[in-house]
Amino acid sequence: MEYPSAYIPIDRRLALRDQHPIPDRGTGTVLFADLSDFTALTETFFRVLGPKRGVERLTAQLNAIYGALIDAVAAERGSVVGFSGDALTCWFDDDPGQRAAQAAVRIQQRMVEWRTIVITEQLTASFAVKIGLAHGPVRRFVVGDQQIQYLDVLAGSLLEQVMQAERYARRGEIIATSAVIAALGAAAVLDDWRQPDFAVLTAVTSTTPVEPWPPIDPELPNVATRPWLLGPVYRHITSVQSQFLAEIRPLVALFLRFTGIDYDADPAAGAKLDALTRRVQHI
């Protein structure tokens, strides 16, 4: 059986275990990693191997890739705060950019293993990751109805910066803002500047030792973990059928975009986002 608490960001798990809050304001570095060609590869697996074998192969492949990405982030004392489709948003608290940059380089080194993926003897494919890095202040909230699902959210203009950095990246590249490059100093190896504030980072020449995350029990009490997962997902994970969580289902996806909350300046931003999230969840 999988542990439900494994789906909660590691720093949030530690906060829940030790019963201390995570401040809603912090300064650090955000790493945004986006898998390239994910949709096309998914369709290829299903078309060539069929729905059953295709989902099994794809799940095994994604587990290996995401496992490597998450391990690289955790090794530099970062936390994966959220998944959005085939992308990861990661937070490195109190980091001017060194730890996040080291994690980004480590991720790209690991991705070499998946440059060529054999689907059949005649057909191959590849995975690649585009990464954006941005340093600065951020807001962090827990929003949502505990009877439906809590969501861990990073917000603020820093998220817009890191998304813009990732948009400048090509397959296999790391794009860092000028604030991150300034913090790295002479340790930053650059290939090019895409814009005055965004550079292609290829390596970090000197690394800083990182204190590892403290040990954490694999499982937290149900009362602490249950609100963080949707009910059907929680029941899958805690049942003997949890290995069948990956499956093909017909569905409709709805993306909702809204504006009007000033996360950086409004002290009530968290309460406003929470109210909106709960309303949407209930609808």
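**Figure 1. Asp-152 is a buried residue, its relative accessible area being 13%.** The model is predicted: local features need pLDDT of at least 70, side-chain atom pairs count only at pLDDT 80 or more, and totals for chains, interfaces and linings use all residues. Residues are numbered from 1 along each chain as its sequence is written, and side-chain values use heavy atoms, with hydrogens and water left out. Buried denotes under 20% relative accessible area, exposed over 50%, and partly exposed in between (1.4 Å probe, protein chains only). Asp-152 and Arg-12 are joined through their side chains by a salt bridge, at 2.9 Å from N to O. The term salt bridge requires a side-chain nitrogen of Lys or Arg within 4 Å of a carboxyl oxygen of Asp or Glu. Because Asp-152 belongs to strand S7 (residues 151-155) and Arg-12 to helix H1, the pair ties together parts that are 140 residues apart in sequence. Helices (H or I, at least four residues) and strands (E, at least two) are DSSP runs, numbered from the N terminus. Arg-12 is also buried, at 8% relative accessibility.

Figure 2. When residues up to four places away in sequence are not counted, Asp-11 touches Ile-22, Ser-79, Trp-91, Arg-140 and Trp-213, where contact means heavy atoms within 4.5 Å. A network of salt bridges links Asp-11, Arg-12, Arg-140 and Asp-152.

**Figure 3. The salt bridge between Arg-139 and Asp-24.** The closest N and O atoms of this pair are 3.0 Å apart. Arg-139 lies in strand S6 and Asp-24 in the loop between H1 and S1, so the bridge ties together parts that are 115 residues apart in sequence. Arg-139 is buried at 1% relative accessibility, whereas Asp-24 is partly exposed at 34%. The count of salt bridges comes to 12.

**Figure 4. The salt bridge between Lys-272 and Asp-266.** The side chains meet at 2.6 Å, N to O. Lys-272 is partly exposed, with a relative accessible area of 43%, while Asp-266 is buried at 16%.

**Figure 5. The largest nonpolar core, with 43 residues.** A nonpolar core is a set of buried Ala, Val, Leu, Ile, Met, Phe, Trp, Tyr and Cys residues joined through side-chain atoms within 4.5 Å. Among the residues with the most contacts inside this core are Leu-31, Met-111 and Phe-127. Elements giving two or more residues to the core include strand S1 (25-36), helix H2 (38-75) and strand S6 (128-143). H2 supplies the largest share, 11 residues. A second, separate core of 11 residues includes Val-30, Phe-32, Ala-87 and Ala-134.

**Figure 6. Contacts of Phe-127.** Leaving aside neighbours within four places in sequence, the residues in contact with Phe-127 include Leu-35, Phe-38, Leu-62, Met-111 and Trp-114.
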